[in-house]
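Here is a short report on aromatic contacts.

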Amino acid sequence: MHVGLMEGTIRRETLGETLDAVVTQGIYNLQYHISQGTSSTIIRKELDARNMKISALSGTYNMVDPDIQKRRDGLRMLRYVAEQCEKIGTDVVTLCTGSRDPHSMWRAHPDNNSSSAWIDLIDSMENALEIAEEYRVTLAFEPEVSNVVDSAQKARRLLDEMNSPYLKVVMDGANIFHKGELPKMREMLDEAFDLLGDDIALAHAKDLDRDGHAGNLAAGTGLLDYDQYIGLLKESGYDGAVVLHGLTEDQVPFCTNFLQEKIDSL
């Protein structure tokens with residue numbers, strides 16, 4: 001395993017200057033957001049010049065948005081992202097299973113637990129997987145307490161129902177604790193890896209200070225048991241990037257050192 005970083009955490013005036021600043025922190029792996037009109041060839045050239053790699057591209061959109069047109073727009077965006085994967089040197093695209101909240105896919109909504117939300121998610125995922133198969137990329141969705149897939153159990157259900165080699169998960173230990181569950185952290189992390197450990201395409205690293213919300217603190221500044229989390233990632237056989245996000249640039253040196261020490265200690 002190695003430390004990665006979410007693109008956008010560090011920004012400079014040019015791509016080259018940005019990548020130089022990332023490398024200065026000892027980080028050579030990024031999860032990247034690519035927008036239409038951006039040259040994948042230029043990005044790849046700048047990355048190669050610094051021996052950097054893209055661990056995943058973000059294809060995130062609200063897969064259960066109440067507005068069907070927004071779902072269709074999101075699917076078109078996903079196709080564009082999938083088209084860029086080979087050019088930029090990755091085969092993983094990250095997804096969010098979404099929320100019924102009409103304003104934010106990161107906000108919980110009572111209808112997220114409805115059968116209609118699950119049916120819409122299945123429909124959206126089937127369409128997304130057609131794109132994944134066409135471009136031979138892996139779609140990695142993230143279980144998150146504010147989304148339709150809000151637990152390891154629902155993530156396992158989605159994987160089993162889709163039954164596709166192109167569907168995997170993003171593991172983020174800070175995202176799975178509903179209200180009242182944080183005291184059961186060790187048990188819940190163990191269960192999450194029991195259910196999903198063989199299907200991890202990417203790992204995230206951030207932290208949390210309370211349950212019932214997705215973690216939004218920098219890694220090492222909250223309550224997540226990182227010895228257990230990184231240990232479980234290692235036991236699962238995961239050997240990719242552990243991507244830092246939810247942090248400021250000023251926090252990057254501390255979080256990088258914290259995470260690297262945890263990785264090296266195992």
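Predicted model: local features only at pLDDT ≥ 70, side-chain atom pairs only at ≥ 80, totals over all residues.

Residues are numbered from 1 along each chain as its sequence is written, and side-chain values use heavy atoms, without hydrogens and water.

A search of the whole structure gives four aromatic pairs. Rings of Phe, Tyr and Trp (its six-membered ring) pair if their centres lie within 6.5 Å; planes under 30 degrees apart count as stacked, over 60 as edge-to-face and the rest as tilted. Two of the pairs involve Y226 and are listed here.

| Pair | Centre to centre | Angle between planes | Class |
|---|---|---|---|
| Y226 and Y229 | 5.7 Å | 80° | edge-to-face |
| Y226 and F258 | 5.2 Å | 80° | edge-to-face |

Y226 and Y229 sit three residues apart in helix α7 (residues 226–236), so about one helical turn separates them. Helices are DSSP runs (H or I, at least four residues), numbered from the N terminus. F258 belongs to helix α8 (residues 252–264), so its pair with Y226 ties together parts 32 residues apart in sequence.

How buried are these rings? Buried means under 20% relative accessible area (1.4 Å probe, protein chains only). Y226 has 2%. F258 has 17% and counts as buried. Y229 is buried too.

Elsewhere, the charged end of R157 sits over the ring of W118, 4.0 Å from its centre. The criterion is CZ of Arg (NZ for Lys) within 6 Å of the ring centre and within 35 degrees of the ring normal.

Technical notes: Helix = DSSP H or I, 4+ residues; strand = E, 2+ residues; numbered from the N terminus. Buried < 20%, exposed > 50% of the residue type's maximum accessible area, 1.4 Å probe, protein only.
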